[in-house]
Amino acid sequence: MSNLYKDIKAEWSKRAPNLLRCGQLLGIFKLEILGGFLMPHEMSKSNPQQKDQLVRSRDVLEIAVEHSITVKDYAAFERYMAQLKMYYYDYDKFLEPSQEMHKMIGLSLLYMLATNRIADFHIALERLPSALLLQDRFIMPVLALENYFMEGRYNKILEAKKSLPSEIYGNFMDMLVLTAREEIASCIEKSYLKMTPKQAAQRLGLRAGGKELLELVERRHWTLDAQGNYDYAALNIKPKDEVPANDIATHNLSYATELEKII
């Protein structure tokens, strides 16, 4: 693993790493880590070789997490993050805390928030000490975002994109902003009968007539009325549910007939 570890670290530390090569090296690493995998009960505090192996595996997994975010492979992100948490929580008696741990946890929390997995978000928070939640520069901003999201202060989420604790948070913030915009659009539809495109763009934090606004309009089936305003009235009209009265009557009569036979 030694040479592979050095190759991965060297490639990822470049100003512009070759993402394809990194992916290939990480694929080989996955096979090697499985071959030398150790359960916590098999560990020995007096064995420096085992400790070194775990530290290297943890370092590479942290790179793998960032690589998966960069290439937008979110399924791989979830897999790598699940493995990494084992090193943070199950091997904590044998290893010194990683300098990247809080950043990785912050990324995991932000991903849950961006994908609207609020229950998982709060379960993950239960594992963290309160001091960390109140002081850490990677986790505090994510908690603030969650508060904005739950309170419906979506404009704050749009503003928060400008002050991220790390550049790698950008992709998940883009996802969260999209989620927030969909919530804003839903609120607009339920709160207004009509709105000008300029006002809608302003509330959504988008440029009037821009590509993103037009895509959202198409996705949510917004239409313009004769005055050039978005007309939301039709979106709030619920179709009447037809009650199959004849079928219900037939079933009830059949049920009554069968009941008479039993009695």
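Helices (DSSP runs of H or I with at least four residues) and strands (DSSP runs of E with at least two) are numbered from the N terminus, and Asn116 can be found by them, in the loop between H5 and H6. The structure is a predicted model, in which local features need pLDDT of at least 70, side-chain atom pairs count only at pLDDT 80 or more, and totals for chains, interfaces and linings use all residues. Residues are numbered from 1 along each chain as its sequence is written, and side-chain values use heavy atoms, with hydrogens and water left out.

**Colour by confidence**

Begin by colouring the chain by pLDDT, the predictor's confidence in each residue, from 0 to 100. The mean for the chain is 86, and 91% of its residues reach 70 or more. Where pLDDT is low, the predicted coordinates should not be read in detail.

**The largest pocket**

Next, select Lys9, Trp12, Ser13, Ile63, Glu66, Thr70, Glu167, Ile168, Gly170 and Asn171, which line the largest pocket. A pocket here is, on a 1 Å grid over the protein atoms alone, an open set of points where a 1.4 Å probe fits, with protein on both sides within 12 Å along at least five of seven lines, and lining residues have an atom within 4 Å of a point. The space in this pocket is about 260 Å³, where a volume is the space filled by probe spheres set on the points, joined across faces, edges and corners. Helix H1 (2-12), helix H3 (48-70) and helix H10 (170-191) are the elements that give two or more residues to the lining of the largest pocket, and H3 provides the largest share, 3 residues. By class, this lining has 3 nonpolar, 4 polar and 3 charged residues, where Ala, Val, Leu, Ile, Met, Phe, Trp, Tyr, Cys and Pro count as nonpolar, Asp, Glu, Lys and Arg as charged, and the others, Gly among them, as polar.

**From the pocket to a salt bridge**

Glu66 lies in helix H3 and Lys103 in helix H5, so the pair ties together parts that are 37 residues apart in sequence. A salt bridge means a side-chain nitrogen of Lys or Arg within 4 Å of a carboxyl oxygen of Asp or Glu, and the structure holds 12 of them. Both Glu66 and Lys103 are buried, where buried means under 20% relative accessible area, exposed over 50% and partly exposed in between, with a 1.4 Å probe and protein chains only.

**The second largest pocket**

Move on to Lys85, Tyr89, Ile105, Ser108, Leu109, Met112, Asp120, Ile123, Ala124, Arg127 and Leu128, which line the second largest pocket. Helix H4 (74-89), helix H5 (101-114) and helix H6 (118-126) are the elements that give two or more residues to this lining, and the largest share, 4 residues, comes from H5. The volume of the second largest pocket is about 160 Å³, and its lining has 7 nonpolar, 1 polar and 3 charged residues.

**The loop between H5 and H6**

Now select Glu78 and Arg117, whose side chains meet in a salt bridge at 3.5 Å, N to O. This pair links distant parts of the chain, with Glu78 in helix H4 and Arg117 in the loop between H5 and H6, 39 residues apart. Glu78 is partly exposed at 36% relative accessible area, and Arg117 is also partly exposed, at 29%. In the loop between H5 and H6, select Asn116 as well, a residue other than glycine with a positive phi, near 65 degrees.

**Further stops**

At Glu151 and Arg153, the side chains meet in a salt bridge at 3.0 Å, N to O, and Arg153 is partly exposed at 36% relative accessibility. Then select Glu182, Glu189, Arg219 and Arg220, which salt bridges with shared partners join into one network. His221 is found in the loop between helix H12 (211-219) and strand S2 (223-224); its phi is positive, about 60 degrees, although it is not a glycine, and at 59% relative accessibility it counts as exposed.

Finish with two cysteines: Cys22 is buried at 4% relative accessibility, whereas Cys187 is partly exposed at 39%. A search of the whole structure for disulfides (pairs of cysteine sulfur atoms within 2.5 Å) finds 0.
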